[in-house]
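Thanks for coming. I will go through one model today, side chain by side chain, and keep it short.

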Amino acid sequence: ALAPDAPEKNHCGTCTRCITACPTAAITAPFQLDARRCISYLTIELKGSIPIELRPAIGNRIYGCDDCLQACPWNRFAREGQLMKAHARPDLGQPDLAELLSLDEAEFKCRFAGTPMLRTKRRGLLRNACVALGNIGDEKALPALQKAAADPEPLIAEHAAWAIEQIRKLVASGTLA
């Protein structure tokens, strides 16, 4: 059994930068979070479909969000973590989202072995990649998304179809350059 830590002093005062920074308005008031709207929850923990109304706010993220942490002025005092530094995977920093859609189950497990990304499972990561591609709006992603729309996993197929629709809307409106 561990003794509880003493409560931390409230350093926030009247600051609401985290509330303002949250893309999905998941932080509803000081110290109050609607986890069902949090991008970290939506992209990591949620096992089903991402609500359509929240998909645009996810942007190009495929695994979590730290906008609230980046906005917090107290984090300027934080030191870089050392515990996991030795396990950093530079190849995962900017993955090719369309290429991720080509991963089968074995390739997914091999590529993400030893990482927390296994937590999302293939279906979750590819769901997230589809949403990000739909938000990015690059026509070059359409072939990969069309293939993903035929994936036997309904969750992936649903989100791929949504992404295709988003890109087609952008093309039709002349928004894409």
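Phenylalanine 112 is buried, at 1% relative accessible area; buried here is under 20%, exposed is over 50%, and partly exposed is in between, with a 1.4 Å probe and protein chains only. Before I go on, this is a predicted model, so local features need pLDDT of at least 70 and side-chain atom pairs count only at pLDDT 80 or more, while totals for chains, interfaces and linings use all residues. Residues are numbered from 1 along each chain as its sequence is written, and side-chain values use heavy atoms, with hydrogens and water left out.

Back to the ring. Two aromatic pairs are counted, where rings of Phe, Tyr and Trp (its six-membered ring) pair if their centres lie within 6.5 Å; planes under 30 degrees apart are stacked, over 60 edge-to-face, and the rest tilted. Tryptophan 74 is partly exposed at 41%, and phenylalanine 77 is exposed at 51%. The other pair takes in phenylalanine 112, whose ring centre is 5.2 Å from that of phenylalanine 108; the planes are at 45°, so this one is tilted too. Phenylalanine 108 is buried, with 1% relative accessibility.

Next, the core. By nonpolar core I mean a set of buried Ala, Val, Leu, Ile, Met, Phe, Trp, Tyr and Cys residues joined through side-chain atoms within 4.5 Å. The largest one has 33 residues, and those touching the most other members are Ile62, Leu100, Leu101, Phe112, Leu125, Cys130 and Leu145. Two or more residues come from each of helices H2 (39–45), H5 (97–100), H7 (121–136), H8 (142–148) and H9 (154–173). The most comes from H7, which gives seven residues.

Which residues does leucine 145 touch, leaving out those up to four places away in sequence? They are Leu101, Cys130, Leu133, Ala160, Ala163, Ile164 and Ile167. Contact means heavy atoms within 4.5 Å.

Isoleucine 44 sits in helix H2 and is buried, at 13% relative accessibility. Beyond its neighbours within four places in sequence, isoleucine 44 is in contact with Tyr63, Gly64, Arg119 and Thr120. Methionine 117 is 73 residues from isoleucine 44 in sequence, yet their C-alpha atoms are 8.1 Å apart.

Now the charged pairs. How many salt bridges does the structure hold? Nine, a salt bridge being a side-chain nitrogen of Lys or Arg within 4 Å of a carboxyl oxygen of Asp or Glu. I will show three of them.

One is between glutamate 158 and arginine 55, with the closest N and O atoms 2.8 Å apart. This pair links distant parts of the chain, with glutamate 158 in helix H9 and arginine 55 in helix H3 (residues 55–58), 103 residues apart. Is arginine 55 buried or exposed? Arginine 55 is buried, at 2%, whereas glutamate 158 is partly exposed at 33%.

Another joins aspartate 34 to arginine 36, at 2.9 Å between the closest N and O atoms. Aspartate 34 is buried at 17%; arginine 36 is exposed at 61%.

Then there is lysine 109 with glutamate 105, at 4.0 Å from N to O. Both lie in helix H6 (residues 105–111), four residues apart, about one turn of the helix. Lysine 109 is partly exposed at 47%, and so is glutamate 105, at 38%.

Last, the cysteines. A disulfide is a covalent bond between the sulfur atoms of two cysteines. The cut-off used here is a pair of cysteine sulfur atoms within 2.5 Å, and the structure holds zero disulfides. Cysteine 15 is partly exposed, at 32%. Cysteine 68 is in no disulfide either; its nearest cysteine sulfur belongs to cysteine 65, 6.4 Å away. Cysteine 68 is partly exposed, at 28%.

That is what I have for today.
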